[in-house]
Amino acid sequence: MKKISIIILFISSLIFSYSCKSQSNEKGLEIYVQNIPHPILTNENPEECYCCVELSKENLSIEPLISDNDIKSFDWKKQKLSLTESGIKKIFGLDFSEHKSEGVPTVIALNGQPIYSLIIFPIGSSVACDRPFAYLQKDKDVLVIHFGVGKGESEFRFGEDPRFDKKLKEYTEYRFENN
């Protein structure tokens, strides 16, 4: 009987430690600043892709700019993140002085895994991007994510739109529709 109790206790502690470990890896939806040369300012071949960035975990800031707790809701179809007051302050706290109106390169990540890159532009920027980009709507708490600009002959887009990633959709439906 004593052996069975010890075995049950051992198995229980393994299950508990595994659940704690798996929960610590679940960071949710986050936005990280990328520690890279700015793609718009350093692109040597803009005809192919003006704002392309290779995704790499090694290029991400240590801490996320926006954590899952900074996001109040996510409108999947319109690609609009509604931010908490803390999230808004973090976006307004970005140092746009280094890149001026070219924005700050960032990455959307799910549980620490990069999904796609985007550039966050300051309000009033007139710079265009052929990949995902975002800006904070003036006087609102919403970060709007776009993919390229224009339509028809004036279209300025490169590649497939990565914003509608299946894992990201599943997470956002679970996280923001079950609140």
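Visitor: Which residue in strand 6 is the bridge partner of Phe121?

Guide: In this predicted model, Phe121 has Tyr135 as its bridge partner in strand 6. Strand 5 and strand 6 run parallel and are joined by three bridges.

Visitor: How many residues of strand 5 are buried?

Guide: Eight of its nine residues are buried, so strand 5 is largely enclosed by the rest of the structure.

Visitor: Now to the core. Which residues touch the most other members of the largest nonpolar core?

Guide: Start with the general idea: nonpolar side chains tend to be buried together in soluble globular proteins. Here the largest nonpolar core has 28 residues, and those touching the most other members are Leu29, Leu81, Leu83, Ile91, Ile108, Ile120 and Leu143. Strand 5, residues 113–121, gives the largest share of this core, with four residues. There is also a second, separate core of six residues, including Ile40, Ile119, Phe121 and Cys129.

Visitor: Which residues is Leu83 in contact with, leaving aside its neighbours within four places in sequence?

Guide: Among them are Ile66, Ile71, Ile88, Ile91, Leu136 and Leu143. Leu83 also has contacts with Asp70, Lys72 and Asp141.

Visitor: Let's turn to aromatic rings. How many aromatic pairs are found in the whole structure?

Guide: The search finds three. One of them joins Trp76 and Phe164 edge-to-face, at 5.4 Å centre to centre with 85° between the planes. These two residues are 88 residues apart, so the pair links distant parts of the chain: Trp76 is in the loop between strand 2 and strand 3, and Phe164 is in the loop between strand 7 and helix 4. Trp76 counts as buried because its relative accessibility is 12%, whereas Phe164, at 40%, counts as partly exposed. Another pair, Phe121 and Phe133, is edge-to-face too, at 5.7 Å centre to centre and 65° between the planes. Phe121 and Phe133 are both buried.

Visitor: And charged side chains: how many salt bridges does the count come to?

Guide: The general idea is that side chains of opposite charge can pair when their charged atoms come close. In this model the count comes to six. Asp68 and Arg175 form one of them, with their closest N and O atoms 2.6 Å apart. That pair links distant parts of the chain, 107 residues apart, with Arg175 in helix 4. Asp68 and Arg175 are both buried.

Visitor: Are Lys89 and Glu85 buried or exposed?

Guide: Lys89 is exposed, with a relative accessible area of 56%, and Glu85 is exposed, with 58%. They form a salt bridge whose closest N and O atoms are 3.4 Å apart. Both lie in helix 3, four residues apart, about one turn of the helix.

Visitor: Last point: where is confidence lowest and where is it highest in the protein chain?

Guide: The mean pLDDT of the chain is 80, and 81% of its residues reach 70 or more. Helix 1, residues 2–25, has the lowest confidence, with a mean of 50, while strand 1, residues 29–33, has the highest, at 94. Residues 16–24 have a pLDDT below 50, and this stretch has zero contacts in the model beyond near neighbours in sequence.

Terms used:
Residues numbered from 1 in each chain as written. Heavy atoms only, no water. Core = buried A, V, L, I, M, F, W, Y, C linked by side-chain atoms within 4.5 Å. Buried < 20%, exposed > 50% of the residue type's maximum accessible area, 1.4 Å probe, protein only. Contact = heavy atoms within 4.5 Å. pLDDT = per-residue confidence, 0-100. Pairing = 2+ DSSP bridges. Phe/Tyr/Trp six-rings, centres within 6.5 Å; stacked < 30°, edge-to-face > 60°. Salt bridge = Lys/Arg side-chain N within 4 Å of Asp/Glu carboxyl O.
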